[in-house]
Amino acid sequence: MRPLVAGNWKMNGLRAALSEVTTLAQMHPTPSCDVLICPPATLLAPMAEVAAGTSVAVGGQDCHAAASGAHTGDIAAEMIADAGGTAVIVGHSERRADHGEDDATVRAKAEAAIRAGLTAIICVGETEAERDAGRTLDVVLGQLAGSLPEGSLGASVVIAYEPVWAIGTGRVPELSDITEVHDALRADLAKHMPEAEAALVRLLYGGSVKPGNAAEIFGIENVNGGLVGGASLKASDFGQIVAAAG
Ligand SMILES: O=C(CO)COP(=O)(O)O
């Protein structure tokens with residue numbers, strides 16, 4: 001399966017940062033993975049213009065479930081597509097925590113993404129307390145069951161496993177722990193869609209992915225790429241991570 005290496009810029013990036021995309025595309029004109037950057041909404045359209053015709057695709061970090069309407073401050077999946085985006089992250093733990101998004105909300109957003117023709121990158125992941133209580137698989141598989149739209153096709157969804165305690169902390173699970181969760185996700189997907197579709201779903205790992213650890217993480221069988229935060233902001237770092245997926 002062709003890996004996907006996605007960068008989540010979170011609430012970082014002014015227009016001057018668009019040059020990072022040009023640099024990244026020059027570093028990797030023909031990467032052996034799909035490359036995606038999800039900038040803040042203000043940069044979606046200009047980044048899509050800069051990235052047009054290059055190896056870099058552009059996506060959103062969140063969308064509303066509705067296609068339009070009285071939802072001040074929100075953006076619709078259709079708007080992301082209209083701005084030139086091809087994917088959107090939904091259910092990131094920062095959205096779940098900061099905005100009280102539950103699985104049903106995340107599912108509705110994923111449905112909206114698919115409706116708009118975007119790839120829905122659905123995030124799941126346990127907190128440190130949940131891991132310490134031995135509940136990692138319960139939590140992650142529960143979020144998967146609750147957040148995945150009914151009848152999803154494998155190519156239209158991506159699952160990102162992001163342990164909350166590994167995000168922005170420099171702490172990464174043992175490779176055996178990542179393996180366990182990704183194997184469980186892969187097996188569980190077949191309960192939610194036909195096996196041929198489940199086999200097409202890419203499973204990303206996210207949480208403190210850096211140039212120095214990307215190759216070993218991407219080497220795990222059911223890890224099909226990464227969702228990268230801090231290390232996606234600079235092409236010099238992100239380009240190394242893209243290379244590690246090759
Ligand atoms: O949350 C993440 C990506 O969505 C991971 O962030 P970091 O790579 O900064 O840990």
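At what angle do H1 and H11 pack, and how far apart are their axes? The structure in which this contact is found is a predicted model, in which local features need pLDDT of at least 70 and side-chain atom pairs count only at pLDDT 80 or more, while totals for chains, interfaces and linings use all residues. Residues are numbered from 1 along each chain as its sequence is written.

Helix H1 spans residues 18–27; helices (H or I, at least four residues) and strands (E, at least two) are DSSP runs, numbered from the N terminus. Within H1, Glu 20, Val 21 and Leu 24 are buried. A residue is called buried if 20 or more other C-beta atoms, placed from the backbone, lie within 10 Å of its own, exposed if 12 or fewer do, and partly exposed in between. An α-helix has 3.6 residues a turn, so residues three or four places apart point the same way. On the face turned away from the buried side, H1 carries the exposed residues Ser 19 and Gln 26.

The buried residues of H1 pack against strand S2 (34–38), helix H2 (44–51), strand S3 (56–60) and helix H11 (235–244). Two residues are in contact if their C-beta atoms, placed from the backbone, lie within 7 Å.

To return to the opening question, H1 and H11 pack at an angle of about 35°, with their axes 9 Å apart. Axes are lines fitted to C-alpha atoms, for helices over the stretch in contact, and angles run from 0 to 180 degrees between N-to-C directions. From H1, Glu 20, Thr 23, Leu 24 and Met 27 meet Ala 235, Phe 238 and Gly 239 of H11. The residues of this contact divide into four nonpolar, two polar and one charged.

Two loop residues other than glycine also deserve attention. Lys 10, in the loop between strand S1 (4–8) and H1, has a positive phi of about 50°. Lys 10 counts as partly exposed because it has 19 C-beta neighbours inside 10 Å. Ser 208 is placed in the loop between strand S7 (202–206) and helix H10 (214–218), and its phi is positive as well, near 60°. With 22 C-beta neighbours inside 10 Å, Ser 208 counts as buried.

Definitions and conventions. Ala, Val, Leu, Ile, Met, Phe, Trp, Tyr, Cys and Pro count as nonpolar, Asp, Glu, Lys and Arg as charged, and the others, Gly among them, as polar.
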